[in-house]
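Please consult the sequence and the coordinates alongside the text.

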Amino acid sequence: MDLRTIHLGELPALLELQEKVYKGLENKEVLQTLTRAEFKAIIQQGFIIGAYDEGKLAGTRSMYIPSPDEEEHLAENAGIDDRDSVIYSEISFIKSAVRGQGLQTRMGERLLEKVRSDGRFEYVLTTVMPNNIPSLKDKFKLGFRIVDTAYKYNGKKRHVMQLDLSEGYEPSGAPRFIHYKDTEWMLLNGADYAGCGFDGEYIKYYRK
């Protein structure tokens with residue numbers, strides 16, 4: 001599998017793949033699809049990786065530099081004042097035929113190398129649907145932690161996750177083990193705790 005940056009000429013193939021993956025999903029909320037204009041903006045910023053299987057696009061992962069005055073900016077949930085230091089981990093999807101090869105995480109690692117080399121950013125922020133366990137495990141593997149759970153995007157329940165690029169996060173104290181489906185606890189307490197990984201079906205939370 002070849003990993004490389006996606007360019008504007010590949011926008012039609014990117015949109016076609018997104019449509020195929022979306023149609024094949026049993027739970028459509030797992031994938032927040034993007035428009036042609038949104039993908040074009042991401043490609044122009046340069047933080048988008050494609051996975052190519054025998055020369056054909058089979059998956060993608062991207063990051064996006066949000067406008068500091070963007071509505072519902074995730075920096076608010078993370079308690080970050082300098083919005084210019086933030087980049088978002090954006091959409092990722094993979095064709096079903098090539099899943100199970102760790103492509104999502106490999107693309108994430110490649111993108112994080114690019115973001116660190118760029119030098120402009122201190123934090124990567126993203127949102128994950130609480131029941132999307134593969135995506136949660138991927139983010140934990142890359143070093144993200146849950147910093148809040150809130151209603152975003154017109155009332156959708158989402159974990160807000162953060163990765164510190166310059167200094168790793170080291171939890172302290174005894175963890176609380178909260179079942180991943182107990183989102184009511186997370187909505188009430190998520191701003192005061194950091195979720196740092198799975199233990200079976202439980203997320204390990206540490207007081208901030």
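Does Lys20 count as buried or exposed? Lys20 counts as exposed, because its relative accessibility is 55% and the cut-off for that class is over 50%. The model is predicted, and a search of the whole structure finds ten salt bridges.

**Pair within helix 1**
- Lys20 forms a salt bridge with Glu16, with 3.4 Å between the closest N and O atoms.
- Helix 1, which spans residues 11-23, contains both Glu16 and Lys20; the two are four residues apart, or about one turn of the helix.
- Glu16 has a relative accessibility of 45% and therefore counts as partly exposed.

- A salt bridge joins the side chains of Arg4 and Glu10, at an N to O distance of 3.2 Å.
- Glu10 counts as buried because its relative accessibility is 19%, and the buried class lies under 20%.
- Arg4, at a relative accessible area of 34%, is partly exposed.

**Asp118 and Arg120**
- The salt bridge between Asp118 and Arg120 has its closest N and O atoms 2.6 Å apart.
- Asp118 is partly exposed, as its relative accessible area is 31%.

Note on methods. Residues numbered from 1 in each chain as written. Predicted model: local features only at pLDDT ≥ 70, side-chain atom pairs only at ≥ 80, totals over all residues. Heavy atoms only, no water. Salt bridge = Lys/Arg side-chain N within 4 Å of Asp/Glu carboxyl O. Buried < 20%, exposed > 50% of the residue type's maximum accessible area, 1.4 Å probe, protein only.
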